[in-house]
Amino acid sequence: MKTKVAIIGAGISGASIARVLSKYENLEVHLIEKAPDVGWGVSKANTALIHGGYDDDPEKYPMRAKLCIRGNRLWHQWVKELEIPHVWNGALIVALKEEDFDELEKLLERGRQNGVPEMRLVDREEVFHLEPNLTREAIGALWVPIVGQIGPIPAVIALVENAVANGVKTHLETEVREIKVENGEVKGVETNNGFIEADIVINAAGLYADRIARMAGIDYFEIHPRKGEYWIFDDDVPGPKRVLFPTPTPISKGIVVTTEISGHLMIGPNAQDLPPEEKENLATTKEGLEQVWEGAKKLWPQLPPRSKVIRTFAGLRPEPTGGDFIIKAEEEVWGFINVAGIRSPGLTSAPAIAHEVAGIIENSLGIELKEKEKWNPYRKEITHFFMMRPEQANEAVKKNPAYGKIVCRCNNVSEGDILEAIERMKFIGVKTPSVDSVKFRTKATTGTCQGSFCRPKIIQLLAREYGVEPWKVTLKGKGSEIGIGDVKALLRGEEA
Amino acid sequence: MEPFPQIPMLSYDVVVIGGGPAGMAAAVRAKELGLNVLLLDENDYLGGILPQCIHPGFGLHYYKEELTGPEFASRLARKLVELGVEYKTAARVLEIKNYSDLEKVVIFTSPSGVYQVWAKAIIYAAGARERHAFEIGITGDRVAGIYTAGEAQMLMDIYGVLPGKEIVIVGSGDVGLIMARRFALEGAKVKAVIELMPYPGGLARNVMILRDFDIPLYLSHKVVEVRGKGRVERVKVVKVDENLNEIPGSEFWIEADTLIISAGLVPSVKKLKKIGVEIDPATGGPVVNDRLETSVPGIFVAGNSLLINDLVDYVAEQGELAAEGAKEFIEKGGIESKKWIKVEKGENVRLLAPHYLSGEGDVYLYLRVSKPMEDVELRVPEIGKKMRLPVVKPAEMLRIKLKAEEIKNTEKLTVEVVKA
Ligand SMILES: Cc1cc2nc3c(=O)[nH]c(=O)nc-3n(C[C@H](O)[C@H](O)[C@H](O)COP(=O)(O)OP(=O)(O)OC[C@H]3O[C@@H](n4cnc5c(N)ncnc54)[C@H](O)[C@@H]3O)c2cc1C
Ligand SMILES: Cc1cc2nc3c(=O)[nH]c(=O)nc-3n(C[C@H](O)[C@H](O)[C@H](O)COP(=O)(O)OP(=O)(O)OC[C@H]3O[C@@H](n4cnc5c(N)ncnc54)[C@H](O)[C@@H]3O)c2cc1C
């Protein structure tokens, strides 16, 4: 008989867990997500770094210290298996004054404790060799070659596609509202779409993990949001080759300057604590953005003019009581596993978190996991027109002319890419057509013009493929419809 | 010297990139001049942005008749077809390569595949893009209901979608004003037009729209923030002082479900920049001579890629001129000039084109002023030329014709707009 597992939350944590658990013959895995698509929680808006694992104090934050470096090592393998966009470009933690070296020495020592390979201090000359356009004030740095960057939502999508291909069932637009516990054992979750039976419930609900835990009667922690804001610039603005950090302070790793994987200069984040009830407050603020600007300028003085901004955004870190990841089977409720407080470096740690959870199922819950004879570790990346050489494009066009037709002119995204994205959305169970689902799979609308040319065309394609009226297509799920009706709706006295 | 031996190759005298009014006029003229020409446009239809501009106001100079955008476009398109000009729609130019003066390659993709076209000259008429909400510093939530004017226009007039019913418009230029009327005509409530400058940006006849439809105009104000869950719910407006700095305490909120950004256009020239074409920071388009040739020989530019035009008539005129330039270039191996005359910006001139004159023919100078003025003269002191104008506004492009014999003997020209 199979053990039924319900994972709450399809962020990077839940998706990684789903993928790892899909390996086992004797588990039936359900991945539950309230949003219309996967990866739209905390995992959507962050710095996208695969951190080096040198800065978490193993005394204070043992989970973070252990899982970050393990996660980093696993990502080096996972990005290949799953064809996740990535770059391993290394990081420099920059010293601007002599005292900074004391802090960098500490990080070096901590990195050694945590098992981080290949780190070292570099002097002024080498730092400019590694990063020629760094501020002239730099006097040296800690060089961490294993740091990298991935596409965080593409990563979640890749994990879920792979998990579904290996038998995991998804339940999107499904919000968990209650957890059924009988005689100290979980029995399942009550949702807006009915009851889902489960022997094991894994709480990977990001900012809402405290609320979910309370549904199971567990209330020893609380999660409050910590906002971080960002600027992204046009792709013709030169950015650094490495990830640049300032020397950290006791509260923060500081404002990063980096060229993100699509080639855009990105700066951020700052850190602003919000009250626990503001878990939906993703608004950017003038003050926050200015703070980021000032911070970034210290490392990268040649920031472009403001007219080169193509987007600003904000993310919320789920900060738990105590500050460390809470990953454990709760003793008072058998079968309930918390994966809570997954703040930074949660993206980096996710693969390690997933293995940790598998270990907990075996060791704390005593369920022996049997590997499938055939488990497919691979997943093919979506076709990107912009990555094809002309002759490859011609091959693709022969099979489907839509691959020759450009929809997003800034990023050269073809109609074929978009139709494939829609197919993949349907494969993992996306029910509501949204432009953001296409955007995160194809990069359409993320360029210089921010979608003003291509969004209407994408809306048409979504409307056609999902069989809905174009104005009912959404930007990012119900409540964000593109329009209110056909162009004469108001004159007829109707309103959608 | 084939860059991609594996993909099909075509060959033409001229490739025109962009099938808007500039590109169509260029292709038509090139064909009339006997050149072997190919026109490429990425849309499924010709016309550029005109098919979505269903209002009148097009063609008064060019056709001596007031037409709508689609009418203007279809006249040009009909001519194109009658002349047998070769064109491809759904054909996006990916890259331009400049091997030598008379050897250029344009790589494009289409539903029948990727092609390379060898050409002696290129006329670049790819239009412009609109500035969006992030570029103008709006913070807050990233929600549905924020559109550029052109996007909203495309949704309404090409796809038949009504974006919302309570509208705030950023920018009182012609495009913003025309969209205000468009929304009002469909029964939506236009709650405000917000303008950063102390004066409206559009032509007087378009500013009248506000009175006709009872739409409030806030001058010296800007939208700074948008809030909403899912969709726009309210926008924050702030008053600015003479230096355009926000005045603390002057903030207020307007409830609306839609925010339209009409904050100006930027010439699309990234592909030209990649091959080293020199760009004028004032126009945002290339530096050109009087045949609209860029700093890379044999690459010509016309329409909104050259500079932002408010009249389609000038756009079409520029297309024709570029075609004539291409003809001369191909036949003579270059644009003839005994000496290049530099044109400089004088008082109250924000931008102008062309930047260099050959002195070999008559030329139109296009320019915009920095600030509105009444009762002025447009002067070119070096040649004693004067043109009296009752009003000038940054929104209105000025055009002045200089005759070959007037400029022949000068080294440089300055254009200024001063009190009469
Ligand atoms: C500003 C910022 C910068 C960061 N930078 C980095 C970095 O560079 N590197 C790094 O390693 N980490 C970084 N992080 C941390 C990283 O983003 C997070 O640790 C990680 O994304 C958390 O993923 P998650 O899956 O736990 O949560 P989420 O992605 O939030 O997933 C939880 C999911 O649960 C769903 N959910 C919630 N409640 C319910 C319910 N009742 N029913 C059904 N579904 C529900 C949510 O919709 C959500 O999709 C950063 C975070 C922020 C905010
Ligand atoms: C809302 C609005 C209202 C207006 N109202 C008026 C008015 O009342 N009267 C008036 O005279 N003018 C008006 N105009 C201005 C006028 O329409 C424009 O100045 C003119 O259309 C610009 O023409 P263009 O050919 O330069 O560019 P566009 O019309 O933009 O055409 C450029 C074409 O090039 C294509 N293209 C771009 N890059 C590539 C590539 N790489 N490969 C292939 N194709 C490409 C584009 O898709 C497009 O089809 C208005 C403009 C707007 C936006």
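Two strands are said to pair if DSSP finds at least two bridges between them. Helices (H or I, at least four residues) and strands (E, at least two) are DSSP runs, numbered from the N terminus. The model shown is predicted: local features need pLDDT of at least 70, side-chain atom pairs count only at pLDDT 80 or more, and totals for chains, interfaces and linings use all residues. Residues are numbered from 1 along each chain as its sequence is written, chains are lettered from A and ligands numbered from 1 in the order in which they are written, and side-chain values use heavy atoms, with hydrogens and water left out.

**View 1. Strands S24(A) and S12(B) pair across the two chains.** S24 of chain A covers residues 485-486. Its partner is S12, residues 161-162 of chain B; the pairing is antiparallel and has two bridges. Within this pairing, A:Gly485 stands opposite B:Leu162.

**View 2. Chain A meets chain B.** Contact (heavy atoms within 4.5 Å) involves 59 residues of chain A and 55 residues of chain B. The size of an interface is often given as the accessible area lost when the parts come together. Here the buried area (the accessible area, with a 1.4 Å probe, that two parts lose on being put together, summed over both) is about 4,600 Å², and carbon and sulfur atoms give 54% of this area. Of the area that chain A buries against chain B, 13% is supplied by A:Arg409, A:Val487 and A:Leu490, more than by any other three residues.

**View 3. Polar contacts and chain A elements at the interface.** A polar contact is a pair of N or O atoms within 3.5 Å; within protein, one must be able to donate a hydrogen and the other to accept it, and residues adjacent in sequence count only if both atoms are side-chain atoms. Between chain A and chain B, 22 residue pairs are in polar contact, both residues being at pLDDT 80 or more. Elements of chain A that each supply at least two residues to the side touching chain B include helix H7 (286-299), strand S19 (309-320) and helix H12 (455-466). S19(A) gives the largest share, six residues. By class, this side of chain A has 25 nonpolar, 17 polar and 17 charged residues; Ala, Val, Leu, Ile, Met, Phe, Trp, Tyr, Cys and Pro count as nonpolar, Asp, Glu, Lys and Arg as charged, and the others, Gly among them, as polar.

**View 4. Salt bridges join chain A and chain B.** A salt bridge is a side-chain nitrogen of Lys or Arg within 4 Å of a carboxyl oxygen of Asp or Glu. There are eight between chain A and chain B. In one, the side chains of A:Lys488 and B:Glu186 meet at 2.9 Å, N to O. In another, A:Lys405 meets B:Asp44 at 2.8 Å, N to O. B:Asp44 lies in the loop between strand S2 (37-40) and strand S3 (56-58) of chain B, and A:Lys405 in the loop between H9 and strand S22 (406-408) of chain A, so the pair joins two chains. Buried means under 20% relative accessible area, exposed over 50%, and partly exposed in between (1.4 Å probe, protein chains only). A:Lys405, at 17%, counts as buried.

**View 5. Two salt bridges lie within chain B.** B:Asp157 and B:Arg182 meet at 2.9 Å, N to O. The pair links distant parts of the chain, with B:Asp157 in helix H3 (residues 149-157) and B:Arg182 in helix H4 (residues 174-185), 25 residues apart. B:Asp157 is buried at 16% relative accessibility, and B:Arg182 is buried at 12%. B:Glu225 and B:Lys236 meet at 3.5 Å, N to O, and both are buried.

**View 6. An open sheet of five strands in chain B.** The strand order is S11-S19-S13-S14-S15, with parallel pairing. Strand S11 (146-148) and strand S15 (217-218) stand at the edges, each with a single partner strand, so one side of each is left without a neighbour in the sheet. S13 (residues 166-170) and S14 (residues 189-194) are joined by five bridges; B:Val170 has B:Ile194 as its bridge partner.

View 7. A cis peptide bond, with omega about 0°, joins A:Ser344 and A:Pro345. A:Lys443 is partly exposed, at 23% relative accessible area.
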